[in-house]
Amino acid sequence: MKLNIARCGILFIFLLQAATVFAQTTELKGLVKDAYTNEPMPFVNIVIEGTNTGTTTNEDGEFIFQDLEPGFIQLQLSSIGYENKLSEEINISAVRPNYVEIAMQQKTTQLEEVQVTAGAFVRAGETPVSLRRIGIEQIEKGAGAARDLAKVLQSFPGVGGTVSFRNDLIVRGGGPSENRFFLDGIEIPVLNHFSTQGASGGPVGILNVDFIREVDFYSSAFPADRGGALSSVFEFKQIDANKEKPSFKATVGASELSLSTNTPLGEKTGALFSVRRSYLQFLFDQIGLPFLPTFNDFQFRTRTRFDQKNELILLGVGAIDQFELNPSPEPTEENRYTLKYLPSYEQWNYTVGASFKHFMDQNYYVLAVSRSHLNNVITKYEDNEEDNPDKLLNDYVSDEIQNRLRFELYSRPGDYTLRTGVNLESASYYNRTFTRIFRDGQPTEKNYRSEVDFMKFGAFGSLSRKFFEEKLDVRLGVRFDANTYSDEMNNPLEQFSPRFTFSYAFAPRFSLTFNTGRYYQLPPYTTLGFRDNAGNLVNKQNGLEYIHADHFVGGVEWRPNNHTRISVEGFLKNYRDYPFSVIDSVSLASKGGDFGVLGDEEVTSSSEGKAYGAELLIREKSPKGYSYILAYTWVNSQFTDINGDYIPSSWDSGHLLTFTFNKSFKKNWDFGLKWRYAGGLPYTPYDLERSERVQAWDVRGREYIDYRRFNEKRLEPFHQLDLRVDKTWLFPKFSLGVYLDIQNVYNKQNEQPPNLVQRLDEDGNPIITNPDAPVEEQRYDLKELASTSGTVLPTIGVILEF
């Protein structure tokens with residue numbers, strides 16, 4: 001059926017190609033302003049990167065390009081006394097107004113000549129080390145990504161994953177709970193639908209890429225104002241709203257329908273609105289899968305410019321997810337296995353926030369407030385008999401609520417750049433847990449309620465300056481964090497987080513970079529709020545502490561021309577005070593890559609770890625219409641066991657190699673390719689003796705892991721080829737885009753850890769090998785079920801813009 005869909009899609013594309021279409025050009029309007037005063041900048045030279053087409057801003061800082069062909073462009077800007085600027089990628093549409101605002105920074109050292117030599121790539125943000133800028137073209141046209149941001153990130157060095165259908169981000173050997181995400185400066189704790197509580201992964205991203213302007217991805221050297229990360233920080237930046245008239249976009253994607261609008265709401269306010277609804281439940285039901293997921297999400301942003309010195313951004317993002325079991329799936333052993341253990345999920349979350357910015361002379365401040373709420377409900381009945389309360393295995397309800405306040409001051413005192421500020425947060429956690437478990441050779445229950453409220457607070461600052469005609473860039477930063485949860489974490493001096501970065505251009509196209517810093521992260525709320533059946537906060541009693549990691553990063557970058565960037569970085573991360581599972585005797589650093597909950601157990605802050613390796617990035621964006629990224633990472637990730645010995649973590653993939661290629665052709669055709677290779681991840685074999693026991697199996701519905709042999713085995717390497725073809729037709733009042741995305745083109749079956757399944761008798765009942773034995777000694781007859789992932793997956797998407 002999937003291949004027939006692909007043939008129909010190709011036929012549909014060629015039929016449309018035969019239709020009458022209209023060649024159209026369009027225009028781009030914009031405003032250039034000073035980054036610190038917000039004053040419009042007159043007489044700025046602007047050139048479209050890779051061309052000789054240019055213009056100059058007028059006395060009000062405004063500019064206009066006319067007769068542009070639709071597509072993706074970047075602008076190079078130069079002005080006396082200001083640093084050269086290369087804009088983010090701008091998606092030029094033929095059917096909606098195109099508007100952009102660009103901020104430029106004054107030079108700290110005044111040079112005599114102004115040259116536009118930025119090329120296709122630019123170093124940006126807080127740090128010159130371990131920062132990758134991800135443009136909208138890669139997000140929109142990336143093969144195998146289906147316009148999902150988290151999947152696009154897998155094209156970059158240092159980024160691994162778990163299985164192909166999840167968006168867990170494994171950055172430089174760190175776990176999926178070690179990442180932080182910010183949308184226009186507002187933290188969003190949840191990035192994916194059906195998110196793993198306590199971590200960040202899930203199968204589908206929440207953010208609508210129609211509103212994303214660019215993404216800054218930090219794999220180290222985190223900005224001082226972004227706390228709580230051990231492996232990565234992601235800054236998602238949204239586009240500016242139209243100033244003239246509304247536009248709309250409707251999309252039929254790989255798994256959802258979406259509608260978004262970009263519209264003015266008055267003379268001073270512009271807005272972005274989006275809603276999405278999945279149709280996966282219908283597809284999964286038709287092909288006989290054992291579960292039926294449904295997700296909905298919303299996203300909005302308004303920006304009001306009260307005057308030249310004051311502006312306010314309001315934004316929100318949220319989701320409602322439901323995950324039900326299919327009562328009549330295909331009767332395969334794989335589906336029977338899945339139905340036996342898989343629970344039903346209901347999850348909703350939102351983040352709403354406001355950011356007020358006030359500009360002064362050579363400085364400005366930002367006051368940001370936000371609220372985030374995650375509600376997670378998990379239910380499971382033995383044999384899925386939901387009408388029988390005696391069959392209840394798992395009844396879990398949890399809420400996480402954060403109210404955040406952050407003040408930041410950005411200043412340019414003389415030749416220095418200063419950022420400083422404070423943050424305050426109230427955190428509330430609620431948990432009601434009932435779970436039947438098998439422990440110490442007998443069935444028992446985990447049954448408790450927990451409510452925890454505490455305050456978090458922090459202060460931060462960073463100072464930077466360029467020397468030797470801007471060849472040397474030096475940056476210093478500090479951060480303090482603390483909270484009122486316990487005596488072990490309420491002293492900010494105990495969480496002192498210094499960082500130091502420098503970059504030195506020792507030759508015209510060569511530079512050296514170095515960074516070191518200490519970064520702290522609070523353990524998950526599920527760990528902070530865990531109680532035993534007597535109601536004791538056992539992890540608080542165990543002296544739970546902040547996790548911290550010391551980073552050391554060094555590298556060299558070569559830019560052989562204005563369109564190519566080659567960089568090599570080596571990295572070392574040393575972890576301390578990581579939560580260590582008392583029951584399983586493994587570090588929580590190796591958990592979190594599956595559905596459900598991470599950290600809802602007794603732990604001690606006793607695990608240590610290290611992740612080290614090297615990255616190679618070759619990236620080219622040619623003016624001839626093609627671009628590619630070749631990213632290779634060698635990584636070794638280890639954490640201590642109960643004896644203090646280092647063993648491979650669950651993210652110790654060894655080698656990661658990704659090649660991504662995109663090419664634009666005439667008549668609005670685009671082609672994309674992505675090939676990924678990842679070394680096999682370690683895994684822990686099952687405990688057959690424990691799994692066979694009837695009382696043990698009945699409360700879990702699947703095999704038990706033998707943590708005494710943690711990560712003793714390793715899977716075969718993973719590799720996959722994805723292809724994508726895009727075609728856009730332009731009409732007088734609207735545009736129509738169609739894409740065909742084929743994942744896993746050569747149908748690679750990637751190995752997964754083996755499972756156990758019950759053998760059944762002729763009547764479909766599980767076989768007990770010793771039915772006459774006492775119930776506590778009875779055992780099921782189990783057999784191994786080989787497990788693989790991967791299938792050819794063609795997807796047709798339709799994008800209508802009007």
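I started with Glu214, which is buried at a relative accessible area of 3%. The model is a predicted one, so I took every value as computed from it. I looked for the partner of Glu214 and found Lys237, in a salt bridge with the closest N and O atoms 3.5 Å apart. The two residues come from distant parts of the chain, with Lys237 in strand β18 (residues 232–238) and Glu214 in strand β17 (residues 212–218), 23 residues apart. I checked Lys237 too: its relative accessible area is 24%, so it counts as partly exposed.

Next I turned to Glu470. Its side chain meets that of Lys107 in a salt bridge, at 3.7 Å from N to O. I noted that 363 residues separate this pair. Glu470 lies in the loop between β28 (442–467) and β29 (472–483), and Lys107 lies in the loop between β9 (99–104) and β10 (131–135). Lys107 is buried, because its relative accessible area of 15% falls under the 20% limit.

I then looked at Arg708 and Asp706, whose side chains form a salt bridge at 2.9 Å, N to O.

Which residues are linked in a network of salt bridges? I listed Lys33, Glu101, Asp240, Arg303, Arg305 and Glu311.

Last, I took the count for the model, which comes to 57 salt bridges.

How values were computed. Residues are numbered from 1 along each chain as its sequence is written. This is a predicted model: local features need pLDDT of at least 70, side-chain atom pairs count only at pLDDT 80 or more; totals for chains, interfaces and linings use all residues. Side-chain values use heavy atoms; hydrogens and water are left out. A salt bridge is a side-chain nitrogen of Lys or Arg within 4 Å of a carboxyl oxygen of Asp or Glu. Helices (H or I, at least four residues) and strands (E, at least two) are DSSP runs, numbered from the N terminus. Buried means under 20% relative accessible area, exposed over 50%, partly exposed in between (1.4 Å probe, protein chains only).
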